[in-house]
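Welcome! Have a look at the chain shown here, and then let us walk through some of its parts together.

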Amino acid sequence: MFNRLEIEVRAGVRSAAEVRVRVDGEDLVDATAGPDGFGAHAPGLLPAAGDGPLRATGEARRVELGEPACTGGCCGYLAAVVRRHGALVVWSDRETPADEPGLPDFHFDTRQYDAELARATADRWWDVPPPP
């Protein structure tokens with residue numbers, strides 16, 4: 001069974017827009033960094049060019065997804081290693097601010113993963129200047 005990825009971009013406190021990632025309906029920032037935690041900055045995680053850190057390739061890369069209210073430099077980041085294995089996208093070696101041991105990997109169907117990433121990247125409301 002595959003996990004399901006959902007990406008929400010919402011108004012942020014530290015930046016104009018922050019990304020909240022849900023896996024199987026669970027907000028990973030809330031679950032690991034607490035309700036006062038912050039999602040990653042949308043322009044960095046979902047760049048307009050579409051080649052952001054969440055794009056899964058055969059090369060593994062560590063992606064910071066969020067941080068606690070005290071900052072990731074203090075207590076650690078919510079992060080995962082993202083890589084593609086054929087028709088599968090795997091998030092492994094997950095880190096949390098609480099540094100929980102033995103977190104399970106997430107396994108996404110590439111079609112659902114790529115479609116959700118494309119949808120979230122295309123909806124660039126934070127790039128639109130406010131009306132005068």
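## A chain of charged partners

Arg10 and Glu18 form a salt bridge in this predicted model, and their closest N and O atoms lie 4.0 Å apart. Arg10 is partly exposed because its relative accessibility is 31%. Glu18, on the other hand, has a relative accessible area of 6%, so this residue counts as buried. Why might such residues pair up at all? Side chains of opposite charge can do so when their charged atoms come close.

Glu18 has another partner too: a salt bridge links Glu18 to Arg20, with 2.9 Å between the closest N and O atoms. Both Glu18 and Arg20 are buried. For Arg20 the relative accessibility is 1%, which is why this residue counts as buried.

## Linking a helix and a strand

For the model as a whole, the count comes to 12 salt bridges.

## Around Thr121

Next, let us visit helix α4, which covers residues 110-122 and includes Thr121. Is Thr121 buried or exposed? Its relative accessibility is 12%, so Thr121 counts as buried.

What does the side chain of Thr121 reach? At 2.8 Å it meets the backbone oxygen of Leu117. If neighbours within four places in sequence are left aside, Thr121 is in contact with Leu46, Pro47 and Gly50.

## A stop at Asp51

Asp51 sits in the loop between α2 (42-45) and β5 (61-67). With a relative accessibility of 46%, Asp51 counts as partly exposed. The side chain of Asp51 makes a polar contact with the side chain of Arg55, at 2.4 Å.

How far apart are the C-alpha atoms of Asp51 and Phe38? They are separated by 22 Å, and the two residues are 13 residues apart along the chain.

## The whole chain

Finally, step back and take in the overall picture. There are 4 helices and 8 strands in the chain. Starting at the N terminus, the elements follow the order β-β-β-α-β-α-β-α-β-β-β-α.

The C-alpha atoms fill a box of roughly 50 × 35 × 25 Å along the principal axes. A compact globule of 132 residues would have a radius of gyration near 14 Å, and the chain has 14 Å, so the two agree. Of the 132 residues, 44% count as buried. The accessible surface comes to about 6,900 Å², and 55% of this area belongs to carbon and sulfur atoms. Among contacts with a separation of 6 or more, 45% are between residues 24 or more positions apart.

Methods: Residues numbered from 1 in each chain as written. Predicted model: local features only at pLDDT ≥ 70, side-chain atom pairs only at ≥ 80, totals over all residues. Heavy atoms only, no water. Helix = DSSP H or I, 4+ residues; strand = E, 2+ residues; numbered from the N terminus. Buried < 20%, exposed > 50% of the residue type's maximum accessible area, 1.4 Å probe, protein only. Polar contact = N/O pair within 3.5 Å; in protein donor to acceptor, adjacent residues only side chain to side chain. Contact = heavy atoms within 4.5 Å. Salt bridge = Lys/Arg side-chain N within 4 Å of Asp/Glu carboxyl O. Rg over C-alpha atoms; globule rule 2.2 N^0.38 Å. Areas by Shrake-Rupley, 256 points an atom, 1.4 Å probe, with all protein chains shown as cover.
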